[in-house]
Amino acid sequence: MSEESDLEKTEPASPRRLEKAREEGQVVRSRELGTFVMLMTGVIGLWVMGGTLGRRLDAVMHKSLAFEPATAFDTNRMLSQFGIAIWDSLLAFMPLLLMFGVAALVAPLALGGWLFASKSFMPDFSRLSPLQGLGRMFSSHSLVELGKAIAKSLLVGGVGAWMVWRKLPEAVALMNAPVQEALLHLMELVLYVCGVVSGSLLLVVALDVPWQLWTFYKKLRMTKEEVKQELKETDGDPHIKARIRQQQRAMARRRMMTEVPKADVVVTNPTHFAVALRYEEGRMGAPRVVAKGTEEVAARIRALAAEHRVPILSAPPLARALHRHVELGHEIPAGLYTAVAEVLAWVYQLKHWHYSNGPQPSGPTELVVPDELAVPEARA
C-alpha cells in the first residue's frame, strides 16, 4: 500500500521542476485570455481612433477614385498612385496595428511571461504516432476544450443575438436619416455591439485562467520518490555527504596532529581533554590553540606530546575553559592571559632546567580561571 501511494503524484512541483519545465517551453497559457485582450484592444482602438481613421481612409478613397486623364493613360503613374494609396492606408492603420502589437506582447505577461525556449523547436516524432493522436483526441483535456468551445459559442451567440434584437429598432430607424449620418451612427452601433460581445468573453477568461493554472501545476506534480531523488541530486546523497564530512574531519584531525610536536605545552583534564598551545613572540599577539580534542583524540595528542617531549600539564579548569571557548587556530581570550602566562613561565623554567643541574621546577597548581570562562566538569 505504501509503495502504491509513493507512485501517486501527490506532491506539488518543486522550484527546480518548474524551472526545468520552463526551459522546455512549458508555461501557463490561456488562449482565451489572449483572444479577449486582442478583441478588446481592437474595439477600444476603433472607438478611440475610429474618427481619425475614417477621415484618413476617406481622403485616400477620394484621392484614389478621382479621375485624372493623364493617370488613366499612363501605366507608370497609375502604379505610382496605387503605391501611394497603399502607403497612406498603412499609415492610417499604423496606430491601431501598434496597439495590437503591444497587446500581443503584454498578454502573455499575465500568466507565464515571455519565454523563448530552444527545446520547443526540436522535432518531437512521438506526435506523429496515430495511437497517441487518438489518445489526445479522446482525453479529458480534449473533452474539456470541446465543452469550453461549445459554451463559448453559446455565450457569444446568445449575447450577440440579444444585442442585435435590442438594437434592431434603432438600426432600422437609420433608414430615414441622411446617408453620412446614418453610416456614422451605424458604425457606433456596430462597435457598441462588438464591445459588449467581446466583454462577455471575460466570463470565459475568468473560468479558463484558473483551469489552466490548475491543470498546469497538476501535470507537474511529483511523486514522493521523485521528491526524494531530486533532493539527492540537489543536496547530494546523505550517506555520501556524511562520508565526505567524515573524511574532512579525518583530514582536519591529521593536519591538527602535525601541529602537536610544534606546541609549547599541552594542557590536559587530565584524561578527557587535551589542548595544545603555541606562542611565538613577535609573530603572535597571544598564545594560540593549535590542537584540541576529547577522549581518543585527547589521548592521541598526549601520546604525540610525550613522543616529541612536549611538556604536559594537568590543569582541569584551564583545559576545559580552553576547549570550550577557543576555536582551533585562534588566540586565547584576554581572561585566560594570566593563567596561560603562568603555564608558559613553567615551560620556560623546564627548558632552562634541562640545561642546568638544579631541582626540577614543579608545575603551577592554582591557576585562576575567570567565572565567565569557567566550565563545570559536569557540562564539560
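## The second largest pocket

The lining of the second largest pocket is made up of 11 nonpolar, four polar and three charged residues. Here Ala, Val, Leu, Ile, Met, Phe, Trp, Tyr, Cys and Pro count as nonpolar, Asp, Glu, Lys and Arg as charged, and the others, Gly among them, as polar. This pocket has a volume of about 680 Å³. Of its 18 lining residues, Gly50, Gly51, Gly54, Leu184 and Met187 are the closest to the centre.

α3 and α8 are the elements that give two or more residues to this lining, and α3 gives the most, with 11 residues. Helices are DSSP runs (H or I, at least four residues), as are strands (E, at least two), numbered from the N terminus.

## About the model

This is a predicted model, in which local features need pLDDT of at least 70, side-chain atom pairs count only at pLDDT 80 or more, and totals for chains, interfaces and linings use all residues. Residues are numbered from 1 along each chain as its sequence is written, and side-chain values use heavy atoms, with hydrogens and water left out.

## How α3 and α8 meet

The axes of α3 and helix α8 (residues 179-219) come within 9 Å and cross at roughly 160 degrees. Axes are lines fitted to C-alpha atoms, for helices over the stretch in contact, with angles from 0 to 180 degrees between N-to-C directions. The two helices α3 and α8 are therefore roughly antiparallel (an angle over 145 degrees).

## Annotated spans

An unreviewed UniProt entry annotates residues 33-53, 96-117 and 189-214 as "transmembrane region"; such annotations may be inferred rather than shown by experiment. In the model, residues 33-53 are 100% helix and 0% strand, with end C-alpha atoms 27 Å apart. Residues 189-214 are also 100% helix and 0% strand, and their end C-alpha atoms lie 39 Å apart.

On a 1 Å grid over the protein atoms alone, a cavity is a set of points where a 1.4 Å probe fits but cannot get out, while a pocket is an open set with protein on both sides within 12 Å along at least five of seven lines; lining residues have an atom within 4 Å of a point. Grid points are joined across faces, edges and corners, and a volume is the space filled by probe spheres set on the points.

Val60, Lys63, Ser64, Gln81, Ile84, Ala85 and Asp88 line the largest cavity. α3 (31-65) and α5 (75-106) each give two or more residues to this lining, and α5 gives the most, with four.

Conventions:
Parallel < 35°, antiparallel > 145°, perpendicular 65-115°, else oblique.
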